[in-house]
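Dear colleague,

I am passing on the structure we spoke of, placed just below, and would be glad if you could read my notes alongside it.

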Amino acid sequence: MPLSFVLDPPLTDALRADIVALWTDVTNAGGAVGFVAPVIPDDVRPVAEKALAGVAEGVDRLLIGVDDGRLVAVLFIADNRFPLKAHWRVLKRVMVRPGSQGRGYGAALMREAAVVASELGLAGLQVTVRDGHGLDGFYRRLGYREVGRVPGALRIAPGDDRDELFMWLDLRQPQDAAFTAGSAAASATSSPA
Ligand SMILES: CC(C)(COP(=O)(O)OP(=O)(O)OC[C@H]1O[C@@H](n2cnc3c(N)ncnc32)[C@H](O)[C@@H]1OP(=O)(O)O)[C@@H](O)C(=O)NCCC(=O)NCCS
């Protein structure tokens, strides 16, 4: 079943619960999305609700990927809330359900976010990456390049400080094949009326 995307889906109680469950599962599988495992849904819910409040206000955008009616991928397109940075956004909480990883869904989700950003007329997208997971390789394949690094910014545990990487996709430049190549796994974004 191809992945289909929805931009700014209705924020129903069911979707909110699905997002909290996915975020919890991703974290407990070792994902770097704002927490350190182990977590339970009660840990994740307040952070998720804050992120969703930004979407409900219309400031941030939510992009989800659905496979056979099931939520499998999520990211937030976060506004900088600063007029001098109104021309670009930060992609946050990029995550794919653990059982659905490795099938091209993450890459398809990121490509779709770039299409949305281009349609919004944005100049670029930034992602902030926790070092030590090899995640920079995932973003590099999609045309992002490292533009900054704060040494030891993230204290995962005592004695385990990780660099925080800032990676950037310039939407003003012609994109390379990695970015523009469509994915057989994906179909176009729909927005609810
Ligand atoms: C990172 C993540 C979104 C990637 O999604 P995915 O669906 O598993 O990735 P894809 O199948 O689309 O992989 C695309 C490419 O990136 C590579 N890749 C995927 N995850 C990677 C990782 N953690 N490190 C390095 N490369 C990775 C794949 O090997 C693939 O390479 P290829 O095109 O040469 O075959 C997903 O693994 C995830 O949700 N991780 C946990 C949450 C997380 O840490 N998010 C990052 C926040 S900064």
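What follows goes from the overall fold to one residue.

Please bear in mind throughout that this is a predicted model. The protein has five helices and eight strands, and when it is read along the sequence these elements follow the pattern β-α-α-β-β-β-α-β-α-β-β-α-β. Its radius of gyration is 16 Å, close to the 16 Å that the globule rule gives for 193 residues, so the protein is as compact as a globular protein of that length. Along the principal axes, the C-alpha trace spans about 45 × 40 × 35 Å.

As for the interior, buried residues make up 30% of the 193 residues. Turning to contacts, if one takes those with a separation of 6 or more, 64% of them are accounted for by residues 24 or more positions apart in the chain.

The residue I looked at in detail is V44, which lies in helix α2, the element covering residues 41–56. V44 counts as buried because it has 23 C-beta neighbours inside 10 Å, the cut-off for a buried residue being 20 or more. Once its neighbours within four places in sequence are left aside, V44 is in contact with V20, W23, T24, F35 and V39. As for G30, which is 14 residues from V44 along the chain, its C-alpha atom and that of V44 are separated by 14 Å.

Key: Residues are numbered from 1 along each chain as its sequence is written. This is a predicted model: local features need pLDDT of at least 70, side-chain atom pairs count only at pLDDT 80 or more; totals for chains, interfaces and linings use all residues. Helices (H or I, at least four residues) and strands (E, at least two) are DSSP runs, numbered from the N terminus. The radius of gyration is taken over C-alpha atoms; the globule rule is 2.2 Å times the number of residues to the power 0.38. A residue is buried if 20 or more other C-beta atoms lie within 10 Å of its own, exposed if 12 or fewer, and partly exposed in between; C-beta atoms are placed from the backbone. Two residues are in contact if their C-beta atoms, placed from the backbone, lie within 7 Å.
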